[in-house]
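Please examine the sequence and the structure before reading each solution.

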Amino acid sequence: MITVRTISQLRSSVDHSKVVGFVPTMGNLHAGHLDLISRAKQHSGCVVSSIFVNRLQFAPHEDFDSYPRTFIEDSKKLEAAGCDVLFAPREEDLYPVPQGFQVSPPEELADILEGEFRPGFFKGVCTVVLKLFNCVHPNRVYFGRKDYQQAMIIDHMISQMALPIEMVKVPTRREVDGLAMSSRNGYLSDPERAEAVQLYLTLCQMRESFKEGKSVALIEQEAMQHLQARGWKTDYLTIRSALDLTALDQSTAHNATHLPDKNNTVSFVALGAARIGKTRLIDNLEF
Ligand code: AMP
């Protein structure tokens, strides 16, 4: 594996005679990230990954400074997983001048759910992702379904900007008890870690209640109350259209247009974001 810091070193290291697969990350890698590398490895002759904690997507009160930075371990894991080129720019390499040009994603996708509670987050994400795409020139890119709304927005950006890139969305890797793997799980104390799986279990319960025909409004209310009673601070727990994240009003929730089609493709997604102690976790479940 070649490790490079600058855009020009990167450009001379990526082998464009092969299919280039790209996995952007913020580091502190776990098995979920490595699933993305394995998928890229299956389909690409040259696998590129990046590690960059992107200041643009953090609000001033968020965890940019304390975000776990574990470069040496990450680099060993990437090499073992078969990554060919690791791009790990310093801030001054990626943003040598203030990044005045930014990508504004459409509000109907980016100002809801995560975007409502983290204003500007997806603008920061789209800006860095488009810039990384311009540096790497990948044929395929790999994103996790764990960040469901993020993957959807990047997919739309690729399509609306006519980028010659294929998006691959990789299933969420979970711990044995069901907790979605996340770099932020490392912030949890032992009791918080034991409690953290409740977010996933609540999403599972929402899915079951939906299948039993309960109204979406009631399901969402009960889910919030369940977590709040256990000491969580909930941002949202909701069931949306898996296609475009629009809300399901009660009259359309169970009608045929939203039911899984013959090919058994998913129609709905339960999404949740909630805080246990100081740690904010997100998860989702498609059905
Ligand atoms: P991050 O380093 O958190 O920005 O994540 C980098 C990429 O890994 C994103 O595409 C995430 O969606 C993906 N990812 C993070 N956690 C998981 C997980 N548990 N399973 C699958 N993909 C994940």
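α10 and α11 count as roughly antiparallel to each other, because their angle falls in the class over 145 degrees. The model is predicted, local features need pLDDT of at least 70, side-chain atom pairs count only at pLDDT 80 or more, and totals for chains, interfaces and linings use all residues. Residues are numbered from 1 along each chain as its sequence is written, and side-chain values use heavy atoms, with hydrogens and water left out.

**Exercise 1.** Determine the angle at which helix α10 and helix α11 pack.

Solution. Step one: locate α10 at residues 198-211 and α11 at residues 216-229; helices are DSSP runs (H or I, at least four residues) and strands likewise (E, at least two), numbered from the N terminus. Step two: compare the axes, which are lines fitted to C-alpha atoms, for helices over the stretch in contact, with angles from 0 to 180 degrees between N-to-C directions. The angle is about 155 degrees and the axes are 10 Å apart. Step three: the crossing of α10 past α11 is right-handed, a term for a near helix turned clockwise from the far one by less than a right angle.

**Exercise 2.** Classify the packing of α2 and helix α3 (residues 71-81).

Solution. Step one: the two axes are 10 Å apart, at an angle of about 30 degrees. Step two: α2 and α3 are therefore roughly parallel to each other, the class for angles under 35 degrees. Step three: α2, too, passes α3 in a right-handed crossing.

**Exercise 3.** Describe the shell around the ligand.

Solution. Step one: 16 residues surround the ligand, where near means that a heavy atom of the residue lies within 4 Å. The closest are Met-26, Gly-144, Asp-147, Arg-173 and Met-181. Step two: β2 (20-25), α2 (31-43) and β5 (140-144) each supply at least two shell residues, and α2 gives the largest share, with three residues.

How values were computed:
Nonpolar A, V, L, I, M, F, W, Y, C, P; charged D, E, K, R; others polar. Parallel < 35°, antiparallel > 145°, perpendicular 65-115°, else oblique.
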